[in-house]
Amino acid sequence: MYVVIRSYSGQGASELFDLLEQREEEVRELISGVPGFVSYAAFRTEDGGRTVTACEDKSGTDESSRRAAAWVAENATASVDPPEIAEGNTVLRF
């Protein structure tokens, strides 16, 4: 399994997580439709928030990142700084 974590902070991050919360069903449909999708979570942090997507392989997380970036560009009314991205193969999974 492969995981990508997108870390949003700075300009527009708080507003983005407000939007994610308000449009949960739309985000669910967008990300869960990625081939090989396993799970998704979004959570707030003191400097913005993080999203975590797990897929069966890297091509799935790459597609989820592409979809996420397109959705933010189309839907966020405030300018949002690009996220920092950390990704890799899982070594443990429960």
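**Sheet, helices and spaces**

Modeller: Strands E2 and E3 form a hairpin, with two residues between them. Keep in mind that this is a predicted model.

Colleague: How many bridges hold E2 and E3 together, and in which sense do they pair?

Modeller: E2 and E3 pair over eight bridges, in the antiparallel sense. To find your place there, look for Phe43, which stands opposite Arg50 in E3.

Colleague: What is the strand order in the sheet?

Modeller: The order is E2-E3-E1-E4, in an open sheet of four strands with antiparallel pairing. E2 and E4 (84-89) are the edge strands, each pairing on one side only. On average, neighbouring strands of this sheet are turned by 10 degrees against each other, ignoring direction.

Colleague: What about E1 and E4, how many bridges there?

Modeller: Six bridges, with E1 (residues 2-9) and E4 pairing in the antiparallel sense. Val3 stands opposite Gly88 in E4.

Colleague: Which strands does H1 touch?

Modeller: H1 packs on the sheet and touches E1, E2 and E3 (48-55). The direction of H1 makes about 130 degrees with that of E2.

Colleague: Moving to helix against helix. At what angle do H1 and H3 pack?

Modeller: The angle is about 100 degrees for H1 (residues 13-22) and H3 (residues 58-75), and their axes are 12 Å apart. The two helices are therefore roughly perpendicular to each other.

Colleague: Which residues make that contact?

Modeller: From H1, the contact uses Leu16, Leu19 and Leu20; from H3, it uses Trp71, Val72 and Asn75. Sorted by class, the contact of H1 with H3 has five nonpolar residues, one polar and no charged ones.

Colleague: New topic: cavities. How many are there of 30 Å³ or more?

Modeller: The count comes to one cavity of 30 Å³ or more. The largest cavity has a volume of about 100 Å³.

Colleague: What lines the largest cavity?

Modeller: Its lining includes Leu16, Leu20, Trp71 and Val72, and those four residues also belong to the contact between H1 and H3. Arg6, Tyr8, Val27 and Tyr40 are also among the lining residues. E1, H1, H2 and H3 each supply at least two residues of that lining.

Colleague: How does the cavity lining split by class?

Modeller: The lining of the largest cavity has 10 nonpolar residues, one polar and one charged.

Colleague: And the largest pocket, what is its volume?

Modeller: The largest pocket has a volume of about 300 Å³. It is lined by 14 residues, and Glu24, Val27, Tyr40, Ala41 and Ala42 lie nearest its centre.

Colleague: Which element gives the most to the pocket lining?

Modeller: E2 does, with six residues. H1, H2 (24-32) and E2 (37-45) each supply at least two residues of the lining.

Colleague: Which residues should I look at to get from the pocket to the cavity?

Modeller: Look at Val27 and Tyr40: both are among the residues nearest the centre of the largest pocket, and both line the largest cavity.

Definitions and conventions
Residues numbered from 1 in each chain as written. Predicted model: local features only at pLDDT ≥ 70, side-chain atom pairs only at ≥ 80, totals over all residues. Heavy atoms only, no water. Axes fitted to C-alpha atoms, helices over the stretch in contact; angles between N-to-C directions. Parallel < 35°, antiparallel > 145°, perpendicular 65-115°, else oblique. Contact = heavy atoms within 4.5 Å. Nonpolar A, V, L, I, M, F, W, Y, C, P; charged D, E, K, R; others polar. 1 Å grid on protein atoms, 1.4 Å probe; cavity = no way out; pocket = protein on both sides within 12 Å on 5 of 7 lines; lining within 4 Å. Points joined across faces, edges and corners; volume = space filled by probe spheres on them. Pairing = 2+ DSSP bridges.
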